[in-house]
Amino acid sequence: MNTITTKIMTKVIFSGLLLILITTGCERSVDGLEEADLSNNPNVFVDGFSGGLEYAVFQGAVLNAFQVDTDVTSDGTGSSMRFAVPDVNDPRGSYAGGTFFTTTPRDLSEYNALTFYAKATESVPLGVVGFGNDLDQNKFTAEVTDFRANTNWKKYVIPIPDASKLTSEKGMFFYSFGPIDGKGYTVWIDEVKFEFLGTIGQPRFEMLNGEDQTTNTFTGVTTSLSGLNSIYNLADGTDQSVSSAAAYFEFTSSNTSTAEVDALGNVLVGAQGSAVITASVGGIEADGSLTVESRGTFVSAPNPTRDAANVISVFSDAYDNVDVDYYNGFFNGDGQTTQGGTGTGGADLIVDGNGVINYTQLNFVGIGMFDSVPSIDATEMTHFHVDIKVNEAVQSGDFIRLLLLNSVGDGETSGSFTINSSILLQDSWLGLDIPLSSFNGLNDRSEIGLIFFVSDNTVSNIFVDNIYFYKN
Amino acid sequence: MRTMRSQLKFKALIAVVLPLTFILNCSSSNEGTDWQLIWSDEFNGATGATLDQSKWNFEIGRGQNGWGNNELQYYTDRTENASLDGDGNLVITAREENFEGANYTSARITTQDKLEITYGRIEARIKTPFGQGLWPAFWLLGTSNSGEIWPQIGEIDVMELRGQQPTKIASTVHGPGYSAGNGISGDYNLTNSRFDTEFHVFAAEWFIDKIDFYVDGFLHHTVTKEQIENAGNEWVYNDPFFLILNVAVGGNYVGSPNQSTRFPQSMTIDYVRIYSE
C-alpha cells in the first residue's frame, strides 16, 4: 500500500507540472514576477507572507490573535493565517483586527479583485475584510462587511472599485472580527492575492447608498458624503457590494457658488441657491445624488457667556459637554417619529464650526444620560437653558414641553415646563432660562437622566442649541 | 491490488489525453467541410434604424401562456425594443414598463418564410444581457409547413442563457420524446470571461446525421442521429428550420426578475451568418 500511495503522489505531482507547463505556454509571460521587481506582486499571503509584507494589530484588538498556521491550509501546502477571535470581556482585547501592509508600495492597477479562501470553526459573518489600510491615510480602502464563512473552505472575491487608482498601494489586506453573541471563534484565511478575473463585470457605483437626497441647509455648513459603494456582478451572477473610500470617486457640483465638494466628498455650502452633487468612478456615473438647498446665512444662537465653572453642559460648543448616551433615543416602540440628533456629537448641522441639532417630524424626543454614562447631578444648579428656533409658522395651540426625568427607571420622578405658542418664535432663536423650580414635580434633581422635548406633533421642525444647566 | 493498478493506469491515460484533446479542439473538428456564406445580416445601418424586414419578422404580443413558458414580456416591433446601434449591431432591449397588461417589453424576431434552411453552419456573434430573470436566446424552429406542431417540428437552441448565470450558456435540441426539460442539452462555461461583458461567437454545424455546437470555435456539444434513435426517439432535423433571436423576461427557465435585476437589459448582435457546405 505504501508503494501505491507514493506512486499516486508522484503522478499527482507530475500532472501538476504538466498543467503549469501548459499554462505558461498559452498565457502571458510571468517573467516579470521572477525578477527582483516586486512592485506588481499580486501575492499577499499565499503559502506564507509575500515579499515585503508586514503586519500591524489594530488598537484595542487582541495582540496575538493572528498566527501563521501550518496545519490547516486551503490547499494542503505551506501555511494559512489563523485568527482567534476573543470571547466578550477578554482582557487582552475586544476583537481580532489588524492590517497587512507593505513598506514599499505595489502597483495593483492590472488586477481587478482581491481574492482569498476562508473558513471558520462555525458559521459566522466575517466582520470586515478589505484592503487599502496602509496605516497612513487609508486613502483607497475598500471593504466588505459580513461575508458568510462556515467550516468549509470557500473562495471570496472583493472587486477593486477602480484599479487604475491603485498604482502605488501599501494596504494589502485588513480584517476586523468581533465576538458573535459574546462568543469567540476561529477564522482561517489563505491564498490572499490580487487577481484579474474576467468573470467580474457590470460595475455600478453608489453615493448615499444610491439614494437621491435633499438637504435644506445654510451657508457655511459642511457635510460629508457617505454610503459610497462599488457593486460588481460576480461569476455566479450575484452582486458584490464593496464599501469604497471617497478617493475612488470623482465628485461634481452643478453650482459651485452654492456648494463645493472636495476630493474626499466633503461638501461646503455657500451662497443661497440650489446645487446638485453627483459622483462618478472611472467615468461611470454613480447612482444617488445630494441636492443642496442653501437658505443663505445661518443665524446662530447667541454664544453662551456664563462661566464654565457654573455650567453643566449637555449640548453646546461653548462648553465641554457631559457624556450622553444619545441625543435621540428613538423610542419608536412608544410611537416616536422624531428624526435628528444623530450627527457627530448630536449635531445635525455644523455651521462655521458650531453644531446645531435639527429635530424634524417632532412629536417627542429624549436625550439620554443614564444607560452607559453618569446621570447629571443638578442639585447645585438653579436654571435650565436651551435655545430653540422653530423652522415653521407658529400657530395657536403649538407648544414644546420640556421634561426632565430624575433617577430613570429606579424611583423615577419628573418635572415639566411648557413653552406655549405665544412664546415660541418662527425663524428666530428663542433663548430660555428656566428656573429648575419651575419644573413642576421635579423634587429631586441629583440624577437627571433624560431630557425630553415634547410637541405632540404641534411643532415638527426645530433647531436646538446650547442645552445646559447653570447656577445663577 | 489489481483494481488499484488499473485505476492508476486510467489516471495516467486521462493526464495524457487531456492536453491532446485541447490541441485538437483548437482547430475545427469538421475540418473537411468547406463552408460557403449563403446569407447574413451584419446589422449595418443608422443608429436607431429598425430591422431589415426583407430578412426578419417581428413576433408581437405575449404568445400563448407566455410563449409556452410563462414568460412575462410583451414583444413589440418598436425601436425601443429592437434597433440598430449605428456601430454595426442589432440591439434587442428588454425594458421594465407597463405595456398592454405586461410589466416588461422586449423583442423576438424570426426569419420565418424569409430564410428557411436545412443543414449548414448557423453562426452569430452576440453579447448577452445579464441579471436574474433575463433569458436571451439564438435558436431555430422547424417550420410547420406539413402541419406538424412542436415538438415534432424540432427545435435547435444554439445559445440560451440564464441572466443569473452570466458565465454559462446551454445548447440544446428538442424533439418528440425529448422536449422541454428533457431536451438534449450541453452547457458551456467560461472560466475567465462572461457572456454579458464581451462578444462571443455561437455556432451550430448541422449535418444530416449530427449537430455540433460551438462557442468561440470550441466544440462543446454534439447530438447525433444515432444517439437519438438509440434512445428510441426520432431525428427530426431533415426539414427546413428558421432562425429566432429574442430576449425573454421571466418564465419557467429562468424565474422572475428580482430587485437585483437592472433594466433595461440588452442583447447585442454583431452579425448572423448562415453557411452551407
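User: Into which domains is chain A divided?
Analyst: This is a predicted model, in which local features need pLDDT of at least 70, side-chain atom pairs count only at pLDDT 80 or more, and totals for chains, interfaces and linings use all residues. Residues are numbered from 1 along each chain as its sequence is written, while chains are lettered from A and ligands numbered from 1 in the order in which they are written. With bounds that come from an automatic or database domain assignment, chain A is divided into domain 1 (39-195), domain 2 (201-297) and domain 3 (308-470).

User: Which strand gives the most to the side of domain 1 of chain A that touches domain 2 of chain A?
Analyst: The centres of domain 1 and domain 2 of chain A, taken over C-alpha atoms, are separated by 29 Å, and the contact (C-beta atoms, placed from the backbone, within 7 Å) takes 15 residues from domain 1 of chain A and twelve residues from domain 2 of chain A. On the domain 1 side, strand E9 (142-145) and strand E11 (154-159) of chain A each supply at least two residues; strands here are DSSP runs of E with at least two residues, helices are runs of H or I with at least four, and both are numbered from the N terminus. The strand that gives the most to this side, with four residues, is E9(A).

User: Which residue in E18(A) does Ala142(A) stand opposite?
Analyst: Strand E8 (residues 128-131) of chain A and E9(A) pair in the antiparallel sense over four bridges, where pairing requires that DSSP finds at least two bridges between two strands, and Val129(A) has Val144(A) as its bridge partner in E9(A). E9(A) is also joined by two bridges to strand E18 (residues 239-244) of chain A, and these strands run antiparallel. In E18(A), the residue opposite Ala142(A) is Ser244(A).

User: What radius of gyration does chain A have?
Analyst: The secondary structure of chain A comes to two helices and 34 strands, and its C-alpha trace spans about 95 × 50 × 35 Å along its principal axes. A compact globule of 472 residues would have a radius of gyration near 23 Å, by the rule of 2.2 Å times the number of residues to the power 0.38, with the radius taken over C-alpha atoms. For chain A the value is 29 Å.

User: Why is one side of strand E2 (57-59) of chain B left without a neighbour in the sheet?
Analyst: The open sheet has seven strands in the order E2-E7-E16-E9-E10-E11-E12 (chain B), with antiparallel pairing. E2(B) pairs with strand E7 (residues 108-110) of chain B in the antiparallel sense over three bridges, and Glu59(B) has Arg108(B) as its bridge partner in E7(B). One side of E2(B) is left without a neighbour because E2(B), like E12 of chain B, stands at an edge with a single partner strand.

User: Is Thr197(B) buried, partly exposed or exposed?
Analyst: Thr197(B) is found in the loop between strand E12 (184-189) and strand E13 (200-206) of chain B, and, leaving aside its neighbours within four places in sequence, Thr197(B) is in contact with Gly201(A) and Gln202(A). A residue is buried if 20 or more other C-beta atoms, placed from the backbone, lie within 10 Å of its own, exposed if 12 or fewer, and partly exposed in between. Since 18 other C-beta atoms lie within 10 Å, Thr197(B) is partly exposed.

Notes:
Contact = placed C-beta atoms within 7 Å.
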